[in-house]
Amino acid sequence: RRNPNSEEARFTIKKLRGFTYDDQVETEVEHYVGAEKSQTLKSEDGDMAKGSPKNATAELFADKSVRLLLISSLVIQVS
């Protein structure tokens, strides 16, 4: 599990993004944590589970409103 309070992660973000101030780093951390929460999928039994690419792909194929678009995009990428 990722540690949202990691000082090492904050230092790395600050260096990679070229931030000067700690509040900039904290804003970026909030973005990462928020993105992780929004990409978490519910498993079949209702427990919150980290969505693996396999589960996310299966969910996309199961959704009839995006299935045709998904298949079309895959075919275009392959060709």
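Some ground rules. Residues are numbered from 1 along each chain as its sequence is written, and side-chain values use heavy atoms, with hydrogens and water left out. Since this is a predicted model, local features need pLDDT of at least 70 and side-chain atom pairs count only at pLDDT 80 or more, while totals for chains, interfaces and linings use all residues.

Layout next. The protein has 4 helices and 2 strands. Helices (H or I, at least four residues) and strands (E, at least two) are DSSP runs, numbered from the N terminus. The order from that end is α-α-β-β-α-α.

How confident is the predictor? pLDDT gives its confidence in each residue, from 0 to 100. The mean pLDDT of the protein is 82. Of its residues, 80% reach 70 or more. Confidence is highest in helix H1 (residues 7-17), at a mean of 93. Strand E2 (residues 48-49) is lowest, at 51. Where pLDDT is low, the predicted coordinates should not be read in detail.

Now burial. Buried means under 20% relative accessible area, exposed means over 50%, and partly exposed is in between (1.4 Å probe, protein chains only). Of the 79 residues in the protein, 11% are buried. Take helix H4, residues 64-78. Of its 15 residues, the number buried is 1, so H4 lies largely in the open. The expected span is 1.5 Å times one less than the number of residues.

On to H1 and H2. How do their axes cross? They come within 10 Å and cross at roughly 105 degrees. So H1 is roughly perpendicular to H2 (65 to 115 degrees). Contact means heavy atoms within 4.5 Å. H1 brings Arg10, Ile13, Lys14 and Arg17 to this contact. H2 brings Asp22, Val25, Glu26, Glu28, Val29 and Tyr32. By class, that is 4 nonpolar, no polar and 6 charged residues.

Glu28 sits in helix H2. Is Glu28 buried or exposed? Glu28 counts as buried, because its relative accessibility is 15%. Leaving out residues up to four places away in sequence, Glu28 touches Ile13, Arg17 and Phe19.

Tyr32 is also in H2, which covers residues 22-38. Tyr32 is partly exposed, with a relative accessible area of 43%. By the rule that skips residues up to four places away in sequence, Tyr32 touches Ile13 and Arg17. Its C-alpha atom is 8.8 Å from that of Pro4, 28 residues apart along the chain.

Technical notes:
pLDDT is the predictor's confidence in each residue, from 0 to 100. Axes are lines fitted to C-alpha atoms, for helices over the stretch in contact, and angles run from 0 to 180 degrees between N-to-C directions. Angles under 35 degrees count as roughly parallel, over 145 as roughly antiparallel, 65 to 115 as roughly perpendicular and the rest as oblique. Ala, Val, Leu, Ile, Met, Phe, Trp, Tyr, Cys and Pro count as nonpolar, Asp, Glu, Lys and Arg as charged, and the others, Gly among them, as polar.
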